[in-house]
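Please brief me on the structure shown below. Keep it short and group the points by topic.

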Amino acid sequence: MKAKKTLLKYITVGGLMLCLAVVLVPFYIIISNSFKPYAEIAKHIFSLPQDFTTKNYSEAWRRLNFANSLKNTVIISVLSNFGGVVFSSMCGYWITRHQNRGTRFVFFMLIAFMSIPFQALMIPFAKITNKMHLTNSLFGLSVCFWALTVPISTFITSGAVKSVPIEIEESALIDGCSPFRMYWTIVFPLIKASVFTFATINTLWFWNDYLMTQLMLSKKTLRTIQISMQALFTMRRSLRGMWPCATDTGHPALTFIFLLLRRSRCWRARPQEQ
């Protein structure tokens, strides 16, 4: 019996190490090749840099106009998350606490919308946004993200609200608290872990989105990191040495944002007093 447990342990550890290797090998290839000239990349893609250089990063930064692209990407991510956190969370709360035929139908339609791929909505979506003058605008793109993230955000919020005792809300209403204030001061702090969950999922989408961003932002000054990277990839062959650098540039900023949110007091549960 002990030998079987030991064998199972080694198999589990081996499987985890294999999964780790699958994840880390692409990172190794990108990072190591970002410090090589293109001739060395073409010759030995898996080798460590022999002619170490940081020129690729400086050139990629310049050609990507990275500061402007990063600014646009951050603005879109922040504004888009604002709509999800404020409107979608309140929508999920209202649907959960006011169960009737109308709210159940709305909730069903929101869940059904999650199964529709964006590619099926592209043509009518482009026509509507153009008539509403939302194209070539960071705020307009953020508003569109609000609409597309409502289903998943509402779904997660609805499940979280069910775990909050309704007696707490009733007590607050008896004490004269308005429904709006009650939600933001009592309910929202109790479901902030779920809010952070869908905000994280949505941020990954906003940061890495290419299709809808390319569809709505045609001005060069409004390019995000992903659009700038694609523009660099379509340039001449001599610039291929900068491709790994372009892939690397967007990751540290996103990682820093997640670490900052994780350490922020507003997203952490306060320790209980002894």
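How many helices and how many strands does the secondary structure of the protein chain come to? The answer is 13 helices and zero strands. Helices here are DSSP runs of H or I with at least four residues, strands are runs of E with at least two, and both are numbered from the N terminus. This is a predicted model, in which local features need pLDDT of at least 70, side-chain atom pairs count only at pLDDT 80 or more, and totals for chains, interfaces and linings use all residues. Residues are numbered from 1 along each chain as its sequence is written, and side-chain values use heavy atoms, with hydrogens and water left out.

**The chain overall**
- Take the contacts (heavy atoms within 4.5 Å) with a separation of 6 or more: residues 24 or more positions apart account for 69% of them.

**Helix 4 and helix 5**
- Two packed helices are described by the angle between their axes and the distance between the axes.
- The axes of helix 4 (residues 66–97) and helix 5 (residues 101–113) come within 9 Å and cross at roughly 135 degrees.
- Axes are lines fitted to C-alpha atoms, for helices over the stretch in contact, and angles run from 0 to 180 degrees between N-to-C directions.
- Helix 4 and helix 5 are therefore oblique to each other; that class is what remains after under 35 degrees (roughly parallel), over 145 (roughly antiparallel) and 65 to 115 (roughly perpendicular).
- Cys91, Trp94 and Ile95 of helix 4 meet Thr103, Val106, Phe107 and Leu110 of helix 5 in this contact.

**Helix 4 and helix 10**
- The axes of helix 4 and helix 10 come within 9 Å and cross at roughly 145 degrees.
- On the helix 4 side, the contact includes Leu70, Val74 and Val85.
- On the helix 10 side, Val195, Phe198 and Trp207 are among the contact residues.

**Nonpolar cores**
- A nonpolar core is a set of buried Ala, Val, Leu, Ile, Met, Phe, Trp, Tyr and Cys residues joined through side-chain atoms within 4.5 Å.
- The largest has 15 residues, and Tyr93, Tyr183, Ile191 and Val195 touch the most other members.
- Helix 4, helix 7 (138–161), helix 9 (179–190) and helix 10 (192–208) each give two or more residues to this core.
- Helix 9 gives the most, with four residues.
- Apart from this core lies another, of 14 residues, among them Leu141, Leu148, Met212 and Leu222.
- Leaving aside neighbours within four places in sequence, Tyr93 is in contact with residues including Thr157, Glu169 and Tyr183.

Definitions and conventions
Buried < 20%, exposed > 50% of the residue type's maximum accessible area, 1.4 Å probe, protein only.
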